[in-house]
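Morning, everyone. Please look at the structure on the screen while I talk.

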Amino acid sequence: MAAEIVNPRSDSESLQGHTEQENGAEPLDSFDPAFALHRGGKMAVQATVPVRDKDDLSLAYTPGVAKVCSAIAEQPDLVHDYTWKSSVVAVVTDGTAVLGLGDIGPEASLPVMEGKAILFKQFGGVDAVPLALNCTDVDEIVETVVRLAPSFGGVNLEDISAPRCFEIERRLQERLDIPVFHDDQHGTAVVTLAALRNAARLSGRALGDLRAVISGAGAAGVAIAKMLIEAGIGDVAVADRKGVVSRDREDLTPIKRELASFTNKAGLSGPLEAALARADVFIGVSGGTVPEPAVASMAEGAFVFAMANPEPEVHPEIAHKYAAVVATGRSDFPNQINNVLAFPGIFAGALQVRASRITEGMKLAAAEALAAVVGDDLAADYVIPSPFDERVAPAVTAAVAAAARAEGVARR
């Protein structure tokens, strides 16, 4: 079975619209196209084999299916060949950190999870099932996903608040032999690194020549810092609401203490604005607003990646006054840092070789492949390709599959 990228309509949905009218309220989709598109949900399930007559039925279900079940019971690895397991991902959330909406709960998260699932299919050819869990306890989430895992070839964790998301991912990776990937962390980091590689190439510099400042020490900020260090950046400092994360601070969580141990070689302290003075790169994943004088204090030829949605930390009009390359998280400005450039291809590559996990090397390979798609068309307003560039997913898929084989986590 497969997830269709359609919005199925039915008489029951029409009835729902009548019910809203009978209750004295106009249907929401009568004046808002977003509601119209979402009515009935954005996904459906469709069969990949026909069931036209009794012969088809006897093969797809009983008695034919019993032969397949028995074979899998004797040789468990056959589940990858004779079920959908090897091509389907669970998109798991608890609804605690949904987009910019925060803790809105599992039901309200479903439109986003459905959206994620159709992006998997549209951009990576990967089937995905949204699973919004009615629990927020770390132990309960881990145990629930472990029990669901036999049905899936991978797990994409989505919109789970920090710092719980770090422990949930770590524990699931330890207990499962399938890829577990928190996209808010690693997808963001992969696309950010790809864009930064190209920005550096455009300016004739190497990553090792750059000092970056990240605003936000949550899931995305921590992952970006780790990936930039792994990729060889000169230095990176991360700031939270209280200022730069540094070893001399006594208010750090365990995650931030670890972060302080491998970032901020310059020993910076104080507010974000102070850290930006002479910095080469600003990366925003926190919201808020960075004052214009702080942006003006950055090094000549700086890069500003202000990725908060819907309002970037630095508006592009301001950033362009001082920066050589400007990127945002929005689709209405050039250089959109969009996770959809990464996660479909990453999972497609991992599933293709039945990888047991997604390694740092696989993520770095994804970033390099994504950056390479830009090629000779590199320009200040084109350091990262469009999500609709048909070269993106195949390039990322191939690079991730090759890296999985090289790192010994591929099983075919």
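One definition to start: Ala, Val, Leu, Ile, Met, Phe, Trp, Tyr, Cys and Pro count as nonpolar, Asp, Glu, Lys and Arg as charged, and the others, Gly among them, as polar. This is a predicted model, in which local features need pLDDT of at least 70, side-chain atom pairs count only at pLDDT 80 or more, and totals for chains, interfaces and linings use all residues. Residues are numbered from 1 along each chain as its sequence is written, and side-chain values use heavy atoms, with hydrogens and water left out.

Cavities next. On a 1 Å grid over the protein atoms alone, a cavity is a set of points where a 1.4 Å probe fits but cannot get out. A volume is the space filled by probe spheres set on the points, which are joined across faces, edges and corners. How many cavities of 30 Å³ or more does a search of the whole structure find? Two.

The second largest cavity holds about 40 Å³. Its lining is Ala90, Val92, Leu131, Val145, Leu148, Ala149, Phe152 and Val155; a lining residue has an atom within 4 Å of a point. By class, that is eight nonpolar, no polar and no charged. Helices (H or I, at least four residues) and strands (E, at least two) are DSSP runs, numbered from the N terminus.

The largest cavity has a volume of about 50 Å³. Its lining includes His80, Lys85, Arg354 and Arg411. The classes here are five nonpolar, three polar and three charged.

Now a pocket: an open set of points with protein on both sides within 12 Å along at least five of seven lines. The second largest pocket has about 490 Å³. It has 23 lining residues, and closest to its centre are Glu169, Gln173, Gln185, His186 and Lys226. Helix α8 gives the largest share, five residues.

Last, the helices. The axes of α10 (residues 219-231) and α11 (residues 254-262) come within 11 Å and cross at roughly 25°. Axes are lines fitted to C-alpha atoms over the stretch in contact, and angles run from 0 to 180 degrees between N-to-C directions. The two helices are therefore roughly parallel, the word for angles under 35 degrees. The contact (heavy atoms within 4.5 Å) includes Val222 and Lys226 of α10, and Leu259 and Phe262 of α11. Its residues are six nonpolar, no polar and two charged.

Notes:
Angles under 35 degrees count as roughly parallel, over 145 as roughly antiparallel, 65 to 115 as roughly perpendicular and the rest as oblique.
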